[in-house]
Amino acid sequence: MDSKCSHQYCLATKFIDDKLLRTVNHIDGLKQVVLLTDGMETRPYRLNWPTSTVIFDISSERIFKKSAEKLQGVGAKIPRNCLFLHVPLESSDIQHSLLAKGFNGNQPSVWVIQGLPVMTLANFKEILLVASSLAMSGCLFLGELPAWLAETEIGIKPSAEKWMNKLFMSNGFRVDMIGYDEVAKSLGKEVSPGEYKNILFVAEQLQFSDDQMEFWRRELQRVEEEGDEEGFEEL
């Protein structure tokens, strides 16, 4: 990895860390964080997570196990009163695996993607669909995507923005692209010039999760049944 890419990666990591912790610290009660990673993620160990944070790491099982052994071997620990769970990227149904691990679509969550080996656009669309189904309205999905996914020259920003808007909005998210130069400026640094290999973004879920929809369906059914009973009593 050349220094230019490394510099941009560091900027993205700092931006994601700060945005993630600010968001989680403003959530009351159970806080769910879903990390889509390369299996060598250090955020669960190095960030100061608030109490009652449940962290789900979606990554290659083989790489995750090796990485976890090494981190624990040097004394890395998950903060007390937090829970760290792994979901194998190889799962045939990641959504089902998350739910089986205890993910709750009626509780707030924050989703982060950085380092996940996204091989095709279809791969990412599957991930976006999972996030769309499980994340409550108002929840955030942020991180970095490979620029080649946009199937366009990243230097032509309007084209990349148009592609990102279409992709995320089709799954219920409103997305904003974040400039690496903007992040650098906010940190008092300068970003190396050149073509960006990734797209940094923050997206907000605009629609209800599947669990929220089911909750409201049941509430509506209950109200209708109570209304029918009252009407029957009046007769």
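Me: Which residues of helix 5 are buried?
Reply: Welcome to this predicted model! A residue counts as buried when its relative accessible area is under 20%. In helix 5, that picks out L121, F124, I127, L128, V130, A131, S132, S133 and L134.

Me: How far apart are the end C-alpha atoms of helix 5?
Reply: Let's start from the number of residues, which is 14 for helix 5. At 1.5 Å a residue, helix 5 should span 20 Å. The model agrees, because the end C-alpha atoms of helix 5 are separated by 20 Å.

Me: Which helix gives the most to the lining of the second largest pocket?
Reply: The second largest pocket has a volume of about 300 Å³. Its lining has 17 residues, and those closest to its centre are L89, I94, N123, E126 and I127. Two elements give two or more residues to this lining, namely helix 4 (94-100) and helix 5 (121-134). With four residues, the one that gives the most is helix 5.

Me: Which helix supplies the largest share of the lining of the largest pocket?
Reply: The largest pocket has a volume of about 530 Å³. Its lining includes at least two residues from each of helix 1 (3-25), helix 2 and strand 5 (140-146). The largest share is four residues, and it comes from helix 1.

Me: Which residues lie nearest the centre of the largest pocket?
Reply: By class, the lining of the largest pocket is made up of nine nonpolar, six polar and six charged residues. There are 21 lining residues, and those nearest the centre are Y9, Q114, G115, E144 and N198.

Me: Which residues of helix 3 are buried?
Reply: Helix 3 is 13 residues long and reaches 18 Å from its first C-alpha to its last, close to the 18 Å expected at 1.5 Å a residue. Seen down the axis of helix 3, the buried residues fall within an arc of 105°, so they line one face. Those residues are F64, S67, A68 and L71.

Me: Which exposed residues are carried on the face of helix 3 turned away from its buried side?
Reply: An α-helix has 3.6 residues a turn, so residues three or four places apart point the same way. The buried side of helix 3 is covered by elements including helix 2 (43-46), strand 2 (53-59) and strand 3 (83-88). The face turned away from that side carries the exposed residues R62, K66, E69, K70 and G73.

Me: Where does the largest share of the lining of the largest cavity come from?
Reply: The largest cavity holds about 30 Å³ of space. Its lining consists of G39, E41, Y45, F64, S67, A68, L71 and F84. By class, five of these are nonpolar, two are polar and one is charged. The largest share, four residues, comes from helix 3.

Me: Is V112 buried or exposed?
Reply: V112 sits in strand 4 (residues 109-113). Beyond its neighbours within four places in sequence, V112 is in contact with I16, L20, V34, L35, L36, R43, F141 and L142. The relative accessibility of V112 is 1%, and the cut-off is under 20%. V112 therefore counts as buried.

Me: What is the separation of the C-alpha atoms of V112 and L140?
Reply: Along the chain, V112 and L140 are 28 residues apart.

Me: Is N81 buried or exposed?
Reply: N81 is in the loop between helix 3 and strand 3. Its phi is positive, about 65°, although N81 is not a glycine. The relative accessibility of N81 is 55%, and exposed means over 50%, so N81 counts as exposed.

Me: What is the relative accessible area of S52?
Reply: S52 is in the loop between helix 2 and strand 2, and its phi is positive, near 70°. S52 is partly exposed, because its relative accessible area is 34%.

Key: Residues numbered from 1 in each chain as written. Predicted model: local features only at pLDDT ≥ 70, side-chain atom pairs only at ≥ 80, totals over all residues. Heavy atoms only, no water. 1 Å grid on protein atoms, 1.4 Å probe; cavity = no way out; pocket = protein on both sides within 12 Å on 5 of 7 lines; lining within 4 Å. Points joined across faces, edges and corners; volume = space filled by probe spheres on them. Nonpolar A, V, L, I, M, F, W, Y, C, P; charged D, E, K, R; others polar. Buried < 20%, exposed > 50% of the residue type's maximum accessible area, 1.4 Å probe, protein only. Contact = heavy atoms within 4.5 Å. Expected span 1.5 Å × (residues − 1). Arc of directions from axis to C-beta.
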